[in-house]
Amino acid sequence: MSSALSHWLSFNSWWLLLPFVMLLVVAAFIVAFVLLLYMISPLISPKPLKLNGAHVVVTGGSSGIGKWIAMECYKHGAFITLVARDEHKLVQAKKEVEKCAINDKQVCISLRDIYIYIYIYIYMYAQEKLGPVDMLVNCAGMSISGKFEEVEVDRFKKLMEVNYLGSVYPTRAVVTTMKERRMGRIMFVSSQAGQIGLFGYTAYSPSKFALRGLAEALQMEMKPYNIYVTVAYPPDTDTPGFAEENKTKPLETRLISETSGVCQPEQVAKVVVKDAVQGNFTSSFGPDGYMLSALTCGMSPVTSITEGLQQIVTMGLFRTIALFYLGSFDSIVRRCMIQREQSKAADKRE
Ligand SMILES: NC(=O)C1=CN([C@@H]2O[C@H](COP(=O)(O)OP(=O)(O)OC[C@H]3O[C@@H](n4cnc5c(N)ncnc54)[C@H](OP(=O)(O)O)[C@@H]3O)[C@@H](O)[C@H]2O)C=CC1
Ligand SMILES: CCCCCCCCCCCCCCCC(=O)[C@@H](N)CO
């Protein structure tokens, strides 16, 4: 009897179970497909912005990285508005930008931004002259370095005002029109010191970290309107601002920053403009910049499947490498402290 039953089971029950098995397989496929759609949906790349004929506003466009960004956009046929305070530097920069023209229709205007709160009026003027803003580059900024207790309290406020609020106001001035037109690009120039808090940058780093928070929140609001936000994280870059910073920068800050080298502003400009045109959320430079961005991606948006996959695969490896970097930064700080104490003791003996 039992052998008859097993015989029956092995041949006939298989056919009975078949519909259930098929149902299960189909259900599994549907679940996998939905999951895949969910994963892929934020990875769809936006359509690149056409720079030829576009109106690009660059704050801090009279010097350094901002000036090179303006020139790079001009080389691609854009119309440019430069915004800064110093009239003399603006006139000089306008001349340099105009040298990069590729057709005789291109126009570059410069606006003195003395009253930060009247941005709206300034932009109305710019829009009247060159049409609605297609891309805003928030590059105006400054750096103050020093040990936490040695930096004047009002400097912390100053940096938040210039680096953070100085990016909020211009952005406020352009988003409404961008939303109406269902297009646009907004770039924030942060810094590698906006991805990692460094010795000497207790006032500067937070003002650059703040831009990342702003950019993430803003991107979520703007994406349905086809507006893409880019945050650039350059390393030390050879500019007048950098030369100024170096006059008072603590030795520790310099030694740690040297890890990722010094970039040329024209290289930085090329990379950030390309990333903004493509609508990439993160723009970084060199191998250290790449690792730092993958490591600190957190919940920031992704704009391509390769970017997402690279982050997934490299996260653990880069954290391991980062621990070595952190160890070497600690040892720089310790060595500098010992050196200072020794030279102080020697001074006393003399
Ligand atoms: N150079 C570097 O090593 C790095 C720089 N960065 C960031 O890149 C940006 C540009 O730096 P960089 O090119 O070196 O700087 P520069 O000092 O060479 O240029 C700064 C520009 O910003 C303008 N600016 C400064 N303060 C204000 C303000 N309060 N209101 C309006 N405009 C202002 C300046 O014009 P004016 O003074 O006439 O107003 C100038 O056009 C900054 O945000 C900086 O933090 C990030 C990483 C590295
Ligand atoms: C896997 C992990 C890799 C980690 C690499 C870490 C490298 C840290 C270097 C930090 C450099 C900070 C430069 C700030 C530049 C700046 O903003 C000022 N010069 C502005 O004037």
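Guide: The model is predicted. Let us begin with Met291, which is partly exposed because 19 other C-beta atoms lie within 10 Å, whereas a buried residue needs 20 or more.

Visitor: In which helix is Met291 found, and which residues does Met291 contact beyond its neighbours in sequence?

Guide: Met291 belongs to helix α10. Once neighbours within four places in sequence are set aside, Met291 is in contact with Phe318 and Ile321.

Visitor: Which residues of α10 are buried, and what covers them?

Guide: Gly289, Leu292, Ser293 and Ala294 are the buried residues of α10. Their cover includes β6, β9 and α11.

Visitor: Which residues come nearest to ligand 2?

Guide: Of the 22 residues around ligand 2, the nearest are Ser143, Ser191, Ala193, Met291 and Ala322. Helices α7, α10 (286–295) and α11 (305–349) each supply at least two residues of this shell. By class, the shell around ligand 2 holds twelve nonpolar, seven polar and three charged residues.

Visitor: How is the shell around ligand 1 made up by class?

Guide: The shell around ligand 1 has ten nonpolar, 14 polar and five charged residues. Of its 29 residues, Gly60, Gly64, Asp86, Gly141 and Gly241 come nearest to the ligand. At least two shell residues come from each of α2 (64–75), α5 (153–181), β7 (236–237) and α7 (240–246).

Visitor: Let us turn to the sheet. What is the order of its strands?

Guide: Strands of a sheet pair through backbone hydrogen bonds, in either a parallel or an antiparallel manner. In this model, seven strands form an open sheet in the order β3-β2-β1-β4-β5-β6-β9, and the pairing is parallel. Its edge strands, β3 (108–112) and β9 (282–284), each pair on one side only. From one strand to the next, the twist averages 15 degrees.

Visitor: How many bridges join β6 to β9, and how many join β4 to β5?

Guide: Three bridges join β6 (residues 227–233) to β9, and these strands run parallel. Tyr233 stands opposite Ser284 of β9. Four bridges join β4 (residues 135–138) to β5, also in parallel, and Val137 has Met187 of β5 as its bridge partner.

Visitor: Which way do the residues of β5 point?

Guide: In a regular strand, side chains alternate between the two faces of the sheet. In β5, Gly184, Ile186 and Phe188 point one way, while Arg185, Met187 and Val189 point the other way. Six of the six residues of β5 are buried.

Visitor: Which helices lie against these strands, and at what angles?

Guide: Helix α3 (residues 87–98) packs on the sheet, where α3 touches β2 (79–84) and β3 and makes an angle of about 165 degrees with the direction of β3. Helix α6 (residues 204–222) lies across β5 (184–189) and β6, at about 165 degrees to β6.

Visitor: Which residues have the most contacts inside the largest nonpolar core?

Guide: In soluble globular proteins, nonpolar side chains tend to be buried together. The largest nonpolar core here has 73 residues, and Val58, Ile69 and Ile80 have the most contacts inside it. With residues up to four places away in sequence not counted, Ile69 touches Val58, Val137, Cys139, Ala269, Val272 and Val273.

Note on methods. Residues numbered from 1 in each chain as written. Chains lettered and ligands numbered in written order. Predicted model: local features only at pLDDT ≥ 70, side-chain atom pairs only at ≥ 80, totals over all residues. Pairing = 2+ DSSP bridges. Axes fitted to C-alpha atoms, helices over the stretch in contact; angles between N-to-C directions. Contact = placed C-beta atoms within 7 Å. Near = placed C-beta within 6 Å. Nonpolar A, V, L, I, M, F, W, Y, C, P; charged D, E, K, R; others polar. Core = buried A, V, L, I, M, F, W, Y, C linked by C-beta atoms within 7 Å. Buried ≥ 20, exposed ≤ 12 C-beta atoms within 10 Å, placed from the backbone.
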